[in-house]
Amino acid sequence: MRFVFLACAGIILGLSVCLDFASAEERRIITAGPRACPAVALTYDLCPVRDRPGFDAELVELLTSNRTPATFFMSGKWIKGHDPAVRQLLAVPYFEVGTHGNVHLHLSLHEAESQAREISGPVTMLKATYGHQAKLFRPPYGEFNDATMALVKSLGLELILWTIKSGDPDPSLSAEMILTRLKRQLRPGSIIVLHANGKGRHTREVTRELITTVLPDKGLKPVTVSDLLSCHQSIH
């Protein structure tokens with residue numbers, strides 16, 4: 001028998017969110033897909049930005065022109081300021097859209113009620129405004145605690161981290177340095193985190209090299225996170 005600790009996070013968006021704090025063994029924290037899957041997931045965070053446009057349209061054009069599947073994690077604040085881009089990404093059948101918090105909080109520093117607002121805000125926004133039911137959530141900064149996990153479970157979301165952090169927002173990293181890191185760590189089932197909010201210094205260069213050279217040379221195919229998680233041995 002497992003012991004469950006319940007706590008309520010108050011009235012959030014008209015709902016009382018009760019948290020089921022499961023044991024560590026019962027948490028589902030995804031950092032990679034199956035090793036038997038000859039594919040990787042290219043994921044792009046859309047964190048809030050101060051300066052416009054805050055959207056790497058040329059990167060998205062590169063992905064669409066190559067019909068490359070990708071998963072985008074949108075923050076609520078980013079969604080509010082980028083309606084045309086949200087609609088553009090949702091319209092591409094081989095793209096997947098998840099959420100990335102509302103205003104990019106350090107979740108582990110906040111109580112459950114504040115976390116509930118941060119996590120549920122963009123989920124509700126995407127459903128109410130765009131008719132999209134998000135199923136994936138990436139915590140800002142990759143930070144979370146037991147309350148985060150309980151909230152993610154209560155909202156029917158999967159918590160997605162990554163296998164490889166590209167470091168593309170770091171101005172000290174060249175495209176060659178990022179690619180060297182990726183090549184060294186890349187394996188079947190990897191989830192790679194990059195950025196599509198214009199903060200990635202060499203994101204387009206790195207993405208182009210990945211989809212045209214690095215992945216084909218290693219016999220790997222780019223897929224969405226959901227397709228990666230449901231993959232076992234073959235991708236067609």
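**Close-up views of a predicted model**

**View 1. Helices α3 and α4.** Helix α3 (residues 83-90) packs against helix α4 (residues 112-130) at an angle of about 80°, and their axes lie 12 Å apart. The two are therefore roughly perpendicular to each other (angles of 65 to 115 degrees; under 35 is roughly parallel, over 145 roughly antiparallel, and the rest oblique). The model is predicted, with local features needing pLDDT of at least 70 and side-chain atom pairs counting only at pLDDT 80 or more, while totals for chains, interfaces and linings use all residues. Residues are numbered from 1 along each chain as its sequence is written, and side-chain values use heavy atoms, without hydrogens and water. Helices (H or I, at least four residues) and strands (E, at least two) are DSSP runs numbered from the N terminus. Axes are lines fitted to C-alpha atoms, for helices over the stretch in contact, and angles run from 0 to 180 degrees between N-to-C directions. D83, V86, R87 and L90 of α3 meet L126, T129 and Y130 of α4 (contact: heavy atoms within 4.5 Å).

**View 2. Helices α1 and α7.** Helix α1 (residues 57-65) and helix α7 (residues 203-217) have axes 9 Å apart and an angle of about 10°. They are therefore roughly parallel to each other. On α1 the contact involves E58, L59, L62 and L63, and on α7 T203, R204, T207, R208 and I211.

**View 3. The disulfide.** The structure holds one disulfide (a pair of cysteine sulfur atoms within 2.5 Å). C37 is joined to C231, S to S 2.0 Å. The link is right-handed, with 105° about the S-S bond. It connects distant parts of the chain, 194 residues apart: C37 sits in the loop between β3 (29-30) and β4 (39-46), and C231 in the segment after α8 (225-229).

**View 4. The largest pocket.** Lining the largest pocket are 16 residues, and D45, C47, H104, Y141 and H195 lie nearest its centre. A pocket is an open set of points on a 1 Å grid over the protein atoms alone where a 1.4 Å probe fits, with protein on both sides within 12 Å along at least five of seven lines; lining residues have an atom within 4 Å of a point.
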